Amino acid sequence: MTLTLIIVFALIALLLALALVFSRWPRWLKGLLAIAVSGFYFYGFSAAHSMLGIPSTDALPERFVMLAALIDEPRAKFPGALYMWVTPIEEGKGFLQPRAYRLPYTRTLHEQISDGMRKGREGVPQMGTAEVKPGNGKGVSWLNPGSDEQEVKIMDLPTPQVPEK
């Protein structure tokens, strides 16, 4: 899959080079085309990274099942990180594929995740919820809610209730 993406990007770059050299388009159009293809390259690069299994920094789903976690504690020149592998819980949909997420390190979330992993090893499935904390009003973060911090809570997954006959 990765080789396919590399070949596609190379072909697009070749087509761009041919269009810029041999076409009689105005210079402004050639410049616009070069900028558009360059932007597409960066978008494709980030999309390829998400397919390779690199943990996403996107917001966690609102409700999820925690499958596994890794805690990388802070040390000199490294702020620490929490890595979680979760499956989203969405009503009306079957089993969804798990996804890896990278969260900023906080001591409270570290303790919740450690407790959830311990319970998971004991056979108690764990679920979580994630709510976006409101922006602090500084900078442009209040315009982009996905960039705000999330309030993550880990708890036991409730046992499904079987309807009576």
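This report walks through a predicted model, starting with its sheet and ending with its salt bridges.

## The sheet

Five strands build an open sheet, and their order across it is β3-β2-β1-β4-β5, with antiparallel pairing. At the edges sit β3 (99-104) and β5 (150-156), each of which pairs on one side only. From one strand to the next, the twist averages 40°.

You can trace the pairing residue by residue. Valine 65 stands opposite methionine 127 of β4, while phenylalanine 64 has glycine 128 of β4 as its bridge partner.

Now look towards β5. Seven bridges join β4 to β5, and this pair of strands also runs antiparallel. Here methionine 127 is opposite methionine 155 of β5.

How many of the seven residues of β4 are buried? The answer is five, so β4 is described as mostly covered.

## A closer look at threonine 129

Threonine 129 has its place in strand β4. Is threonine 129 buried or exposed? Its relative accessibility is 18%, and because buried means under 20%, threonine 129 counts as buried.

Which residues does threonine 129 touch, leaving aside those up to four places away in sequence? They are Glu62, Arg63, Phe64, Glu151, Val152, Lys153 and Met155.

## Salt bridges around helix α3

The structure holds six salt bridges. One of them brings together the side chains of aspartate 115 and arginine 118, at 2.3 Å from N to O. Both residues lie in helix α3, three residues apart, which is about one turn of the helix. Aspartate 115 counts as partly exposed because its relative accessibility is 28%, and arginine 118 is also partly exposed, at 37%.

Aspartate 115 has another partner: its side chain meets that of lysine 119 in a salt bridge of 3.8 Å, N to O. Why are lysine 119 and aspartate 115 separated by about one helical turn? The reason is that they are four residues apart in helix α3. With 24% relative accessibility, lysine 119 counts as partly exposed.

The side chain of lysine 119 also meets that of aspartate 156 in a salt bridge (3.5 Å, N to O). This pair links distant parts of the chain, since lysine 119 is in helix α3 and aspartate 156 is in strand β5, 37 residues apart. Aspartate 156 is partly exposed, at 36% relative accessibility. Put together, Asp115, Arg118, Lys119, Glu122 and Asp156 are linked in a network of salt bridges.

Although lysine 77 is not a glycine, its phi is positive, at about 65°. How does lysine 77 count, buried or exposed? Its relative accessibility is 88%, so lysine 77 counts as exposed.

## The nonpolar patch

A nonpolar patch of about 960 Å² is made by Leu3, Ile6, Ile7, Leu11, Leu14, Leu15, Leu18, Val21 and Phe22. One of these residues, leucine 14, lies in helix α1 (residues 2-22). With a relative accessibility of 47%, leucine 14 counts as partly exposed.

Conventions:
Residues numbered from 1 in each chain as written. Predicted model: local features only at pLDDT ≥ 70, side-chain atom pairs only at ≥ 80, totals over all residues. Heavy atoms only, no water. Patch = residues over 30% accessible without salt bridge, like charges linked within 9 Å, V, L, I, M, F, W, Y side chains within 5 Å. Areas by Shrake-Rupley, 256 points an atom, 1.4 Å probe, with all protein chains shown as cover. Salt bridge = Lys/Arg side-chain N within 4 Å of Asp/Glu carboxyl O. Helix = DSSP H or I, 4+ residues; strand = E, 2+ residues; numbered from the N terminus. Buried < 20%, exposed > 50% of the residue type's maximum accessible area, 1.4 Å probe, protein only. Pairing = 2+ DSSP bridges. Axes fitted to C-alpha atoms, helices over the stretch in contact; angles between N-to-C directions. Contact = heavy atoms within 4.5 Å.
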